[in-house]
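Morning, everyone. Please have a look at the model on the screen, and then I'll walk you through it.

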Amino acid sequence: MSDHAISKLSGGRPRKTYDTGRNCAYEGCTTRLSSYNKNEFCWTHFQPVPKPARIPADN
Ligand SMILES: [Zn+2]
């Protein structure tokens, strides 16, 4: 039994990553972004664009 063949197979294509060492683009936030995070904000500050909450005023 040998697993040297398996370790050879694991050296395939590099995984898609993004630049490391990036910080969150949110002003004042120094959270380091993961290289797997394609957004420019950390997960705390990344939010989908909020839809304008228009509550129909009954007047
Ligand atoms: Zn942030």
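Which residues coordinate the zinc ion? Cys24 (SG), Cys29 (SG), Cys42 (SG) and His45 (ND1) do, at 1.9 to 2.4 Å. A donor here is an N, O or S atom within 2.8 Å of the metal (3.2 Å for Na, K and Ca), and water is not among the atoms, so sites may look incomplete.

A word on the ground rules. This is a predicted model, where local features need pLDDT of at least 70 and side-chain atom pairs count only at pLDDT 80 or more, while totals for chains, interfaces and linings use all residues. Residues are numbered from 1 along each chain as its sequence is written, and side-chain values use heavy atoms, with hydrogens and water left out.

Back to the zinc ion. What is the geometry of its site? The site is tetrahedral, with angles of 103 to 116° among the four donor atoms. Four donors count as tetrahedral if all angles lie between 85 and 135 degrees. For reference, the ideal angle for four tetrahedral donors is 109.5 degrees.

Now follow the donors along the chain. Their spacing reads C-x4-C-x12-C-x2-H. Cys29 lies in the segment after helix H1 (4-9), and Cys42 is in the segment after H1 too, so this pair ties together parts that are 13 residues apart in sequence. Helices are DSSP runs of H or I with at least four residues, strands are runs of E with at least two, and both are numbered from the N terminus. The chain has one helix and zero strands.

Cys29 is buried at 14%, and Cys42 is buried at 4%. Buried means under 20% relative accessible area, exposed means over 50%, and partly exposed is in between (1.4 Å probe, protein chains only).

Stay with Cys29. Leaving out residues up to four places away in sequence, Cys29 touches Cys24, Cys42 and His45. Contact means heavy atoms within 4.5 Å. The C-alpha atoms of Cys29 and Phe41 are 9.0 Å apart, and these residues are 12 apart along the chain.

How many disulfides does the structure hold? It holds zero. A disulfide would be a pair of cysteine sulfur atoms within 2.5 Å.

Next, the rings. There is one aromatic pair. The rings of Trp43 and Phe46 have centres 6.1 Å apart and planes at 90°, so the pair is edge-to-face. The rule takes rings of Phe, Tyr and Trp (its six-membered ring) with centres within 6.5 Å; planes under 30 degrees apart are stacked, over 60 edge-to-face, and the rest tilted. Trp43 is exposed at 59% relative accessibility. Phe46 is partly exposed at 36%.

Ser35 lies in the segment after H1 and is buried at 15%. Beyond four places in sequence, Ser35 touches Thr17, Tyr18, Asp19 and Thr20. Asn39 also lies in the segment after H1, and is buried at 15%. With neighbours within four places set aside, Asn39 contacts Arg22, Leu33 and Phe46.

Last, the whole chain. Of its 59 residues, 12% count as buried. Among contacts between residues at least 6 apart in sequence, 0% join residues at least 24 apart. That's my tour, thank you.

Methods. Tetrahedral: all angles 85-135°; square planar, octahedral: opposite > 155°, others 65-115°.
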